[in-house]
Amino acid sequence: MFTDSHCHLSFPELREQLPAILDAMAQSRVERALCICTTLEEFDTVHALATAHPQLWATVGVHPDNEDVREPTLEDLLAGAARPRVVGIGETGLDYYRLNGRSVAEMAWQRDRFRVHIRAARQTDLPLVIHTRSASDDTLAILREEGGFSGEGNAARGVFHCFTETSAVARAALDLGFYISFSGILTFRNAVDLRDTARLVPLDRLLIETDSPYLAPVPHRGKVNTPAWVPHVAQQVADIHGVSLEAVAEASSANFLRLFNRVAPAQAVH
């Protein structure tokens, strides 16, 4: 059974066809999916999906690239995390890809937002779902500063989702105890360097995801993505590591349950 560790079923292009998506997941042996929150305005919708469907779970957080949205306080995140079927904090992190004429120094609001999420994750002992793009040095530095790795309180833990950074960044994330998640990008023809990085990530620290509705894997590239297609990512991981598809399904699902340890390892939903 497969697990899609990161999807956006609350987005309109997927929410409007949810029954078909859930049926396709069952047909593809995708046992569960984690619905990711990107704004506080969206959270009630994300949470409702998780409470209505036993194969879906939720996070609470505000994406680093979202502006002109409600800014999360620590209290907001703690309140969301206290709800049933909320199993992670995020997605959060840093994104300097679209500076829109601003300097990195002017992105302090992103760094402040990230710190709030880390503090919420430590207080709740929930994993962080980290997005980092063109900002890996600052992402890692803030994690080290705020993460509690010196032994005081709960240390931050979590996953670097939709990983596209270098092998050096992967090693640094692994050294901090984080997991690495790969998306359909791993199947793209030009993703040679990323496949080399994936080869370095041990199977016991690796997750798979769709990030749907985005980044549909080959052979569906260019279409609206869906959790039912996460086995294509798993097959690419299997090819890279020289193991069976079943081994990747088993390992990545076990890793997901170990990291998101509020998720019950229920029987498959048909």
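Analyst: The expected span of a helix is 1.5 Å times one less than its number of residues. In this predicted model, helix H10 covers residues 245-259, which makes 15 residues. From its first C-alpha to its last, H10 reaches 21 Å, close to the 21 Å expected at 1.5 Å a residue.

The next matter is which side of the helix is covered. The buried residues of H10 are Val248, Ala249, Ser252, Ser253, Asn255, Phe256 and Leu259. Viewed down the axis of H10, these buried residues fall within an arc of 155°, and they therefore line one face of the helix. An α-helix has 3.6 residues a turn, so residues three or four places apart point the same way.

The buried residues of H10 pack against several elements: strands S1 (2-7), S2 (30-35), S6 (158-160), S7 (179-182) and S8 (206-208), together with helix H9 (230-241).

Phe11 lies in the loop between S1 and helix H1 (12-15), whereas Tyr214 lies in the loop between S8 and H9, 203 residues apart. Phe11 counts as buried because its relative accessibility is 16%, under the 20% limit; Tyr214, at 42%, counts as partly exposed.

Another pair is formed by Phe160 and Phe178: their ring centres are 5.6 Å apart and their planes stand at 85°, so the pair is edge-to-face. Phe160 belongs to strand S6, and Phe178 to the loop between helix H7 (167-175) and S7. Both Phe160 and Phe178 are buried.

Key
Residues numbered from 1 in each chain as written. Predicted model: local features only at pLDDT ≥ 70, side-chain atom pairs only at ≥ 80, totals over all residues. Heavy atoms only, no water. Helix = DSSP H or I, 4+ residues; strand = E, 2+ residues; numbered from the N terminus. Buried < 20%, exposed > 50% of the residue type's maximum accessible area, 1.4 Å probe, protein only. Arc of directions from axis to C-beta. Contact = heavy atoms within 4.5 Å. Phe/Tyr/Trp six-rings, centres within 6.5 Å; stacked < 30°, edge-to-face > 60°.
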